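User: Can you walk me through this structure? Keep it quick, please.
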Amino acid sequence: MKELFAILIGAILVENFVLTKFLGICPFLGVSQKTSTALGMSGAVTFVLVISQAVTWLTNEYLLKPYGLEYLQTIAFILVIATLVQFVETVLKKTMPALYKALGVYLPLITTNCAVLGSALIFVERDYTFIQSVVFGFAAGLGFTLALILFSGIRERLETADIPEAFKGMPITLIAASLVSITFMGFAGLIIS
Amino acid sequence: MEKKKKSLGSIFLDGIINQNPAFRLLLGNCPSLAITTLAKNGVGMGLAATFVLVGSNLFISLLRKIIPEKVRIPCFIVVIASFTTIVEMIMAAFLPELDKELGIYIPLIVVNCIIFARAEMFAQKNPPVESFMDGIGMGTGFMIAITIIGSVRELLGSGTWMGIPVTVNLFEPATFFILPPGGFLVMGLLIALFNKVFKVKDPRTIEDKEVGCCAVGCQGCANAANGGETV
């Protein structure tokens with residue numbers, strides 16, 4: 001239990017996916033313009049992360065490992081994730097139209113979100129058990145949510161700021177991200193063993 | 001430049017300056033921020049990405065008449081993932097040190113938007129030779145860009161370049177630059193500098209037409225390039 005808690009806190013704060021591992025930078029910069037879209041995107045990412053962690057873990061353990069096919073991990077994982085995202089989209093559309101309405105537009109973007117494939121590769125690297133990988137996926141999603149929402153608040157303010165010509169758009173956004181990232185460095189000492 | 005068809009040379013140059021993937025199209029941000037703590041890593045990552053880009057561009061271009069429109073995205077993913085796996089194996093076998101340094105970011109080349117975007121925007125519409133050249137141009141542009149980011153961060157953060165001590169007596173290296181926030185900062189400043197030097201009036205206008213039509217999968221990136229205006 002203590003171990004799971006360590007994974008949870010670790011993935012949310014200490015090794016925040018976006019701000020310290022640079023996974024999922026595209027949506028972080030792309031959809032953090034407004035807090036409402038940031039919420040939708042991070043909800044969708046968390047949702048897919050949890051399911052994909054479970055499915056890729058099972059794929060790895062029962063399909064790739066027994067046949068010594070670990071070298072096909074990259075191909076297998078990305079295909080599983082792509083299929084899964086499609087599947088989740090279809091199921092949500094049929095069974096939970098309300099949730100689909102909230103998350104629907106963000107789902108297709110998630111296939112190529114590095115956070116999803118990244119966390120699958122991390123659980124292999126760290127040899128997590130099934131429960132651990134699912135918790136890790138959930139925590140990574142929460143960390144992503146936290147970063148995205150914090151950042152969208154800042155960007156809403158940047159909208160009205162007076163910025164030098166060359167810095168408009170991406171440069172100033174990256175510099176703001178750098179400042180947010182500094183604050184997260186403060187959690188680096190927070191290691192629970 | 002009155003010819004309708006672009007010459008191979010200009011396709012190559014496009015990738016380096018006009019459409020530099022990291023500085024202009026703002027694609028593939030994850031690796032350009034994550035592994036650029038050392039200039040050496042930038043070169044390694046750039047080479048790996050170039051290999052995948054050239055391979056996948058060439059193959060997708062060759063297969064462009066066979067791949068059905070509707071299932072093109074899964075097809076692209078398979079081609080790209082195969083080349084990434086090849087790179088992974090080559091790296092692990094011949095450059096184990098670099099492989100360790102780059103870690104999960106090598107398999108993550110699969111989801112690098114640059115490769116996806118070029119497949120979608122260039123390779124599936126153009127013949128193999130041009131696509132091959134586009135891959136080399138884009139890859140080189142990406143490699144140059146991340147090597148520059150890596151050099152700046154390494155110089156300021158560790159006081160070395162390619163592992164050679166440079167600033168021993170000049171100043172104390174600031175560890176900040178090799179930490180994640182330094183990555184964001186250096187990247188932001190370099191893009192601003194690039195905009196200034198190449199006189200990009202409004203950096204958004206170019207990407208609107210170039211990346212706006214990008215595949216569903218990398219729309220997140222396309223939006224990032226558009227300054228996050230859509231979605």
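Analyst: Two terms to begin. Two residues are in contact if their C-beta atoms, placed from the backbone, lie within 7 Å. A residue is buried if 20 or more other C-beta atoms lie within 10 Å of its own, exposed if 12 or fewer, and partly exposed in between. This is a predicted model: local features need pLDDT of at least 70, side-chain atom pairs count only at pLDDT 80 or more, and totals for chains, interfaces and linings use all residues. Residues are numbered from 1 along each chain as its sequence is written, while chains are lettered from A and ligands numbered from 1 in the order in which they are written.

User: Which residues of helix α1 of chain A are buried?
Analyst: A:Ile7, A:Ala11 and A:Ile12, in a helix that covers residues 2–14. Helices here are DSSP runs (H or I, at least four residues), as are strands (E, at least two), numbered from the N terminus. Seen down the axis of α1(A), the buried residues fall within an arc of 110 degrees, so they line one face. The arc is that of the directions from the helix axis to the C-beta atoms.

User: What sits on the face turned away?
Analyst: The exposed residues A:Lys2 and A:Phe5.

User: And what do the buried ones of α1(A) pack against?
Analyst: Helix α8 of chain A, residues 130–158.

User: At what angle do α1(A) and α8(A) pack?
Analyst: About 30 degrees, with their axes 7 Å apart. Axes are lines fitted to C-alpha atoms, for helices over the stretch in contact, and angles run from 0 to 180 degrees between N-to-C directions. That makes α1(A) roughly parallel to α8(A). Angles under 35 degrees count as roughly parallel, over 145 as roughly antiparallel, 65 to 115 as roughly perpendicular and the rest as oblique.

User: Which residues of α1(A) make the contact?
Analyst: A:Leu4, A:Ile7, A:Leu8, A:Ala11 and A:Ile12. They meet residues of α8(A) including A:Val135, A:Phe136 and A:Leu146.

User: New topic. Is A:Phe87 buried or exposed?
Analyst: Exposed, because A:Phe87 has 12 other C-beta atoms within 10 Å. A:Phe87 lies in helix α4 of chain A, residues 73–95.

User: How far apart are A:Phe87 and A:Glu3?
Analyst: They are 84 residues apart in sequence and 32 Å apart in space, C-alpha to C-alpha.

User: How many helices and strands in chain B?
Analyst: Chain B has 10 helices and two strands. Along the sequence the pattern is α-α-α-α-α-α-α-β-β-α-α-α. Of the 231 residues in chain B, 57% are buried.
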